[in-house]
Amino acid sequence: MRYSRAFIPTLRQLPADAQAVSHQLMLRAGLIRQLAAGVYSFLPLGWRVMQKVMRIIREEMDRIGAQEFHFPALNPAEIWQQTGRIQTMGDVLFHIKNREGLVLAPTHEEVVAFHARQHIRSYRELPQIWYQIQPKFRNEPRPRFGVLRGRQFTMKDSYSLDADWEGLDRSYELHAQAYRRIFTRCGLRFFVVGASSGAMGGSASQEFMVESPAGEDTCARCSRCGYAANVEIARSAVEPTARLPESAPLERFATPGVRTIDDLITQHGIPEERCAKALVYIADGEPVLVLLRGNDELNEAKLQAVLGAAALRPATPEELRQYTGASAGSIGPIGLPTPMRIIADERLRDANELVSGANADGYHYRHIDLRRDCRIDLYADVRTVQPGEPCPECGAALEVVRAIEVGHIFKLGTKYSEALGARFLDERGHERPIVMGSYGIGVERIIAAFIEQNHDEHGICWIPAIAPYHVHLLALGIERSDAVRQHSDELYSSLWAAGVEVLYDDREESAGVKFNDADLLGLPLQLIVSARGLEAGTVELKERRSGRRHHVALAEAVDKVAELLRALQEEPWTQPAH
RNA sequence: CGGGGCGUGGCGCAGCCCGGUAUAGCGCGCUUGGUUUGGGACCAAGAGGUCGUGGGUUCAAAUCCCACCGCCCCGACCA
């Protein structure tokens, strides 16, 4: 491509609305432009990157025997009603207004189960892996960080259909391997975490994470043994609350003005580990009391999973008063006027000598014995892991990092096949639901995550595998040197002939402008042709990432480019961290 | 959804609080001419704006008021 004819609108200034580095650079390098909140157009350069990433995905999916489909984004609402997700997805699902009964698909489990029901009859037709790369629509309440969280985005989604759980395990493992290869080939340093299945349902799931400050997920990770988990499910080996040998009689006492656990600690000298913090949540319309130790932080995702609730939210101040008779700060498990389920964090199991609210403003109870004084319906791990807590596997200190979720694999089970009637006959002639898995990759997120990890103050640093072009050919002073023009033109042709993708800066621009644009776009190699070099019979090769420069004879330039590209693709940092 | 901020040539901003400068400025970019030429050149002359939209107040609105639209940020854990 000749730069003089290319549509590559680079920006010198930082776009005001871009927060994340990847977002800024994608705008500045002319990869994308915003059309609306969370909706982006890919410009030619950005689309070339998308296509390269999608090609890698296709190759690796095909390698595990997956078959590519193309499912419609427009879906009949009926199949979404059959699985109940028209409710559980709520506002995230786009509904078509002027044609009742159509929605825009945010994912395709329903469609896959629909077609499986149409045609899969026998165990002999299983297993199957179906995939597609296609736009997804999600009415995100808050799109963010450019292409990292959009309302329309491109997803590689695949679905495995198996006759039994052992088959699902195999399909799942095939995907895990394919995903490792995909992200590795895309140059990402990633790690894999155990994750919550959330609204998808199912038994197990893992996320592929790229550490980045722009990430919206938080993960706990052990650097010693490799334990890693999304905080939504992460555990730690914090010490439990010790049960003291004696429980003194329950006693109500006045605590005027106490609003927080810290108030209890500072004003009444209660040790933090003897405080039981009570929260009220509304789970599918029913109030639930949650007890946590001291200043432990509730993890709503864990609580939701434990309750099996479709909807979970904190109670409003009005509901607090209605259900407990008190306001925040004076709530506790003793003497609740409204009967409700009480979930206590595992850390409080069978604890005694606790202090908690008395469900009357300005009063607390002390000497609470959870065995003696109240009925705990369930002990469960519902707290949020904090940095520095001991790893549940090996006891080393956990780190907690922000990360971008680039892929997620789920063992779904039979939720969708049962809802849509996707059944088959097994070897004995019994009808059984197909066992499904579902597996997603956010294509744009791969690109944004890559840029987050591979940039410097001048711009992006691509690797050959996903760079929009391999080589940036800079003809310096092309407008006043016939030699520069002629040799640059020849290099341009011979590089393409050698299978090298070249962006040829043939513009009549100053050297500085060309250098800066080249660094911003970040193609892995820059080939610099100048009158000065040609006098000595050489051209210059610059590796974008390292800044290494090579002066090579004009006649050897094409071979040297090919050699350097091979080396750049194989540098060790393209291997995953774990 | 709650809170905050912003909307002024292509981009980044000033002007608004406290209405009135007869042609709404600045930097970058763009056009033309000249000079320059290996890290975002210089000089000169130009082009380009319904001041988000609608309504209102006023002799007079980019500026004040109301509504709407759009975009960005924080939040939607700590009782």
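In the predicted model, 14 residues of domain 1 are in contact with 15 residues of domain 3, contact meaning heavy atoms within 4.5 Å. As a predicted model, it is described under limits: local features need pLDDT of at least 70, side-chain atom pairs count only at pLDDT 80 or more, and totals for chains, interfaces and linings use all residues. Residues are numbered from 1 along each chain as its sequence is written, chains are lettered from A and ligands numbered from 1 in the order in which they are written, and side-chain values use heavy atoms, with hydrogens and water left out.

Chain A is divided into domain 1 (46-234 + 399-452), domain 2 (251-380) and domain 3 (461-574). These bounds come from an automatic or database domain assignment. The C-alpha centres of domain 1 and domain 3 lie 39 Å apart. Between them the two domains bury about 1100 Å², 64% of it on carbon and sulfur atoms. Buried area is the accessible area (1.4 Å probe) that two parts lose on being put together, summed over both. On the domain 1 side, Arg48, Lys52 and Phe450 lose the most area to domain 3, together 50% of what that side buries.

The C-alpha trace of chain A spans about 100 × 65 × 50 Å along its principal axes. Its secondary structure comes to 15 helices and 31 strands. Helices (H or I, at least four residues) and strands (E, at least two) are DSSP runs, numbered from the N terminus. Of the 578 residues in chain A, 55% are buried. Buried means under 20% relative accessible area, exposed over 50%, and partly exposed in between (1.4 Å probe, protein chains only). Among contacts between residues at least 6 apart in sequence, 69% join residues at least 24 apart.

The largest nonpolar core holds 64 residues, of which Phe183, Ile446 and Trp462 touch the most other members. Helix α2 (residues 44-63) gives the most to this core, with 8 residues. Domain 1 and domain 3 both give residues to the core, so it lies between them. A nonpolar core is a set of buried Ala, Val, Leu, Ile, Met, Phe, Trp, Tyr and Cys residues joined through side-chain atoms within 4.5 Å. Trp462 has contacts that include Leu31, Val49, Phe450, Leu521, Gly522 and Arg545, not counting residues up to four places away in sequence. Apart from this core lies another, of 27 residues, among them Ile86, Leu93, Ala113 and Leu126. Leu126 is also joined to Pro127 by a cis peptide bond, with omega about 0°. Pro127 is found in the loop between α5 (109-119) and β7 (128-137).

A search of the whole structure finds 10 aromatic pairs. Rings of Phe, Tyr and Trp (its six-membered ring) pair if their centres lie within 6.5 Å; planes under 30 degrees apart count as stacked, over 60 as edge-to-face and the rest as tilted. Tyr172 and Tyr439 form a tilted pair, 6.4 Å centre to centre with 55° between the planes. Tyr172 lies in helix α6 (residues 165-185) and Tyr439 in strand β24 (residues 435-442), so the pair ties together parts that are 267 residues apart in sequence. Both tyrosines are buried. Ring pairs also link Tyr179, Phe183, Phe190 and Phe208 into a cluster.

Two arginines sit over rings. Arg252 lies over the face of Tyr363, at 4.2 Å from the ring centre. Arg366 lies over the face of Phe253, at 4.0 Å from the ring centre. A charge sits over a ring if NZ of Lys or CZ of Arg is within 6 Å of the ring centre and within 35 degrees of the ring normal.

Asn359 has a positive phi of about 60° although it is not a glycine. Asn359 is placed in the loop between β18 (354-357) and β19 (363-368), and is buried at 8% relative accessible area. His367, in strand β19, has a positive phi of about 65° and is not a glycine either. His367 is buried, with a relative accessible area of 19%.

Val238 is found in the loop between β12 (228-230) and β13 (251-254). Val238 is buried, with a relative accessible area of 18%. Val238 touches Arg347, Arg383, Glu389 and Pro390, not counting residues up to four places away in sequence.
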